[in-house]
Amino acid sequence: MKTCFFYTLLILIASVSLSHAGTNTTDMDKLYSIKFDTVKIKESFKEDDTSVNEFLKDRLKPIRNNFKRINSITKWSSIKKKDIEGESAEGGEAVFYEQKGRLEKITARLYGEMGQVLTEYYLLNGKLSFVFEKIYTYNRPMFYDIKAMKENNDTEAFDFEKSEIEENRNYFEKGKLLHAINSLDCGAPFSSDYIAEEEKRFSESFQKLLKLKNEK
């Protein structure tokens, strides 16, 4: 089973803290608010999917075409946002995209002190078809500015551009995870246990988001 993803996610969810270097809670809250508004992982837009194994080319073609179709839409009939609570240290947000009364896409953003995760869920004929997960692990916590760097005799301050980036592409067919690609491939092949765990993880998250969408 691959371990790279779980290691990266553990770092993010744990939100490992360096010294706050005298930064008070009020200042940090203000800084987080500013950072979250200006430092966000970009959503896919007019993007083709990566190449895949030839033996799956025909089966993955409709999934890949649907991904490109949806992420190329420039005007949506409805876009609804809801807060995600209890999933990360710094909160999160879900966005539901509908076209002519049909749900096409959901994005979920989770924020942490040491990183953020953007997960894009794409639907095909009303069912989960493709999940694109982008994980950014920061080089330093968000509050860690030049002043904090100097006070801690460090050589780096927070820099979003220095984030470690991991991307996971997951292709679903009739509710089953057909294929998965990890950008930080550890070298070992995906085991059946890994595929089953990822299928369960994304399917459960998807159902939670659908429930959140229907809550008033």
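Among the elements that cover the buried residues of helix H3 are strands S3, S4, S5, S6 (164-173) and S7, where contact means heavy atoms within 4.5 Å and buried means under 20% relative accessible area, exposed over 50% and partly exposed in between, with a 1.4 Å probe and protein chains only. Helices (H or I, at least four residues) and strands (E, at least two) are DSSP runs numbered from the N terminus. The model is predicted, so local features need pLDDT of at least 70 and side-chain atom pairs count only at pLDDT 80 or more, while totals for chains, interfaces and linings use all residues. Residues are numbered from 1 along each chain as its sequence is written, and side-chain values use heavy atoms, with hydrogens and water left out.

The buried residues of H3 are Leu-60, Ile-63, Asn-66, Phe-67, Ile-70 and Asn-71. An α-helix has 3.6 residues a turn, so residues three or four places apart point the same way. H3 covers residues 57-71, and its 15 residues reach 20 Å from first to last C-alpha, close to the 21 Å expected at 1.5 Å a residue, the expected span being 1.5 Å times one less than the number of residues. H3 lies across S3, S4, S5, S6 and S7 and runs at about 110° to S4; axes are lines fitted to C-alpha atoms, for helices over the stretch in contact, and angles run from 0 to 180 degrees between N-to-C directions.

The strands form an open sheet of seven, in the order S1-S2-S3-S4-S5-S6-S7 with antiparallel pairing, two strands being paired if DSSP finds at least two bridges between them. Because S1 (78-84) and S7 stand at the edges with a single partner strand each, one side of each is left without a neighbour in the sheet. From one strand to the next, the twist averages 15°. Antiparallel S5 and S6 are joined by eight bridges, and Glu-133 stands opposite Asn-168 in S6.

The largest nonpolar core has 19 residues, and those with the most contacts inside it are Phe-96, Ile-106, Tyr-121 and Leu-209; such a core is a set of buried Ala, Val, Leu, Ile, Met, Phe, Trp, Tyr and Cys residues joined through side-chain atoms within 4.5 Å. The largest share of this core, six residues, comes from H5. Leaving aside neighbours within four places in sequence, Leu-209 is in contact with Ile-84, Ala-94, Phe-96, Ile-106, Ala-108 and Tyr-121. A second, separate core of 13 residues includes Trp-76, Val-95, Tyr-122 and Phe-132.

The structure holds 17 salt bridges, each a side-chain nitrogen of Lys or Arg within 4 Å of a carboxyl oxygen of Asp or Glu. Three of them are listed here.

| Pair | Closest N to O |
|---|---|
| Asp-48 and Lys-68 | 3.0 Å |
| Arg-201 and Glu-133 | 3.1 Å |

Arg-201 lies in helix H5 and Glu-133 in strand S5, so this pair ties together parts that are 68 residues apart in sequence; Arg-201 is partly exposed at 22% relative accessibility, whereas Glu-133 is buried at 3%. In another pair, Arg-102 is partly exposed at 46% and Glu-104 is buried at 2%. Asp-48 is exposed at 53%, while Lys-68 is partly exposed at 28%. A network of salt bridges also links Glu-47, Asp-49, Arg-64, Glu-167 and Arg-169.
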